[in-house]
Amino acid sequence: MKTFLLTRSEEFTVNKKTIITNTVLFVLIVGFIMGFGAIFGNENILIGVSTITAMLMLLERDLTSRPVGNTLKFIALNLFIGIGAFLAGFNVWLAIPIHFIVMFVVSYSLLFNLKNPLYLPFSLQYLFILASPVPLNLMPTRIAALVVGALAIMGIQMLANKNKITKSGDKKIQAICTSLIDKIDLLKKGEDHVKVDEKIVEDIAGLRSIIYDKREENYYLTEEGRLKLNISAALEKMNMLLDNLSKDEAQAVILEDVHQCLQLASEAVQDKNAVDKFDTYYSSMLAKYKEEHNHSLIVLRMLNNVDFLRSSLADIQDLSKKQTNVVKNLEQIPKKFQKMTISTAPSHTNSIKLSYAVRMAVGITLSGFIVDFFEIQEGRWMMFTVLSVIIPLYEQSRQKMRDRVFATITGAILVTGFFMLFQGDVMRSILIMTAGYLMNYIKVYRYSTILVTFSAIGAAALVTGTTEILTLNRILLVISGVVLALLINKFILPYKLDDANRDLQSMYEDTIHEMLKEVHDKVHRKGNDHGIKNLLLITTMIEDRLKLNNQENHSEEGITWLKHQRRIACTLYELYGWIVRNGITESNVEVVSSRLTLLMDRSANADVLSKTAHALDAHIHVMPRIEDRMVASMILDVTEEMKALKLMND
């Protein structure tokens, strides 16, 4: 099984801006929680904590495309959680099926194959409500708190993420253009460009993530999203072409032209006059290479992508503000996209979701039963530990178990020591607030959990005044939760890294196959524009997930495999875009169609693909029209990459 290296570097620096931002954020968080408690009572203050957690966590997702529908979903989810927790409090035996159903629904519905999960704040909310039950006469207030919490989540979405695809998308396009310009300069000097490459890949993935979230019905792209996806594809392919330059090609005239085009493209994102300049420059550039009757593959491929970039920027400048969020949903959503199955294999979408949901439901049900049946004081901490340690991938959960025990013991020792030194409630409250503030700066789970433990035990000690007992209880309960989670992760539907890699790789290959079919249909004037765009977005999401899952695994084979797949996906999208913009001459339809049919044949071996690539390369040199040479060069590119993949598998 191939593994993959996460090349994205994460650096932590504290500067004046970071301190100010984190301080303001901390004040706002505390203010929201205190205000929530003042309105709905201290018995509902933990709902305020889970709500602010959800608000901040969901900011990375743009949920504004369907504000009413998403608001109703959050209200329904919160009420489901609140009513379930209320009923579970009646009887230890009734709680068993309720715990299982609630945690299964929350975990299954809010874990995604290709995006970060959203289950944590809502799972926490369920445990918070269990830990602070209210009598029937206070349930209306609790329900009101849950409804307001759901409204607050969507309220911050509308404030922060409205027009996100315009505001954040434009900045990312300009950043990618600037990075590509820097990369060309470095290539000319023969200098290292690894950091620039990482920035380009990260910005392209970030832009596509924004576009992915903005889709309606998880399929239809807005007009602005459609065009910005085209721009991202053109820039990504230009980046790939730069990666494969020889030393001689790095000094070629085409790079000077591309350098100038990227500068104009960066300006054209927000300046219509720059679009006109770009048009003029590209026309003179194309005329120059036509005169030379140029057959260089790098020239042909760069020309096509510069044209793709230019036309997409021109189209986006022609959009009025009213048109940016328009969705052309004339065609019906194909079945393969309705549940994102891509193929008939259920493992693509069900394995990790089902595995995690069952494990989490069993873990919370068992720990809840133990706590209720034996009436364990502060026993909810065992449930909190189970929640934090049972995570989708088995290998990652093992590390989290070790980190959790270490953090709990360390945090307990620290809170005991500090509370022995500082006896007054005022000083102890300041210490707890300081621990909460420092969490803004420490993102590593092992160390942030120390602060969580410090705050939790400290807060309980303020109320009871029994720091030592609470500390010992907390450690014992955490260890019990870790042992229970260890057994569940090991024996109940374990889902390992190899399973995730296998499913994601298989999904990537199936997605590429579907892209080939979409291009083939477009050659014959069929096809679905939304379909090919969704497929390209999916390939980016798969790649991001593979890198994230395998950030601790170094494998050159896995990285190479991804590069080949990435280039195939990008080139197929490029070819599809060419056909949409320019069409294919009748004399070339059968030739292009036959080549694509061969590429769709999964039984074709490396020898067959090698002969096809050789014949295509020779054919390019006798084609009189530069436009036909561009199309042939794209098919050649895909053929060579698929041949390389076949050789890797042999």
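Tutor: Residues are numbered from 1 along each chain as its sequence is written. In this predicted model, local features need pLDDT of at least 70, side-chain atom pairs count only at pLDDT 80 or more, and totals for chains, interfaces and linings use all residues, while side-chain values use heavy atoms, with hydrogens and water left out.

Student: What makes α3 roughly antiparallel to α4?

Tutor: The axes of helix α3 (residues 67–88) and helix α4 (residues 95–109) cross at roughly 160° and come within 9 Å. Angles under 35 degrees count as roughly parallel, over 145 as roughly antiparallel, 65 to 115 as roughly perpendicular and the rest as oblique. That angle therefore makes α3 roughly antiparallel to α4. Axes here are lines fitted to C-alpha atoms, for helices over the stretch in contact, and angles run from 0 to 180 degrees between N-to-C directions. The helices themselves are DSSP runs (H or I, at least four residues), numbered from the N terminus.

Student: Which residues of α3 and α4 meet?

Tutor: From α3 come L77, F80, I81, G84, L87 and A88, and from α4 come A95, I98, H99, I101, V102, V105 and V106. Contact means heavy atoms within 4.5 Å. These residues divide into 11 nonpolar, two polar and no charged. Ala, Val, Leu, Ile, Met, Phe, Trp, Tyr, Cys and Pro count as nonpolar, Asp, Glu, Lys and Arg as charged, and the others, Gly among them, as polar.

Student: Why is α9 called oblique to α21?

Tutor: The axes of helix α9 (residues 223–243) and helix α21 (residues 529–549) cross at roughly 55° and come within 11 Å. That value falls in the remaining class, so α9 is oblique to α21. In α9, R226, L229, N230 and A233 meet K533, L536 and L537 of α21. This contact divides into four nonpolar, one polar and two charged residues.

Student: And what are α20 and α23 to each other, parallel or antiparallel?

Tutor: Helix α20 (residues 497–523) and α23 have axes that come within 10 Å and cross at roughly 165°. The two are therefore roughly antiparallel to each other. Among the residues that meet are H513, L516 and K517 in α20, and V589, V592 and S593 in α23. The whole contact divides into eight nonpolar, four polar and one charged.

Student: How many cavities does the search find, and what makes a space a cavity?

Tutor: Three cavities of 30 Å³ or more are found in the whole structure. A cavity is a set of points, on a 1 Å grid over the protein atoms alone, where a 1.4 Å probe fits but cannot get out. The largest cavity has a volume of about 80 Å³, a volume being the space filled by probe spheres set on the points, which are joined across faces, edges and corners.

Student: How do you know which residues line the largest cavity?

Tutor: Lining residues have an atom within 4 Å of a point. The lining consists of N588, V591, V592, R595, L616, H619, M623, D628, V631, A632 and I635. The elements giving two or more residues to this lining are α23 (586–600), α24 (606–620) and α25 (626–649). By class, the lining divides into seven nonpolar, two polar and two charged residues.

Methods:
1 Å grid on protein atoms, 1.4 Å probe; cavity = no way out; pocket = protein on both sides within 12 Å on 5 of 7 lines; lining within 4 Å.
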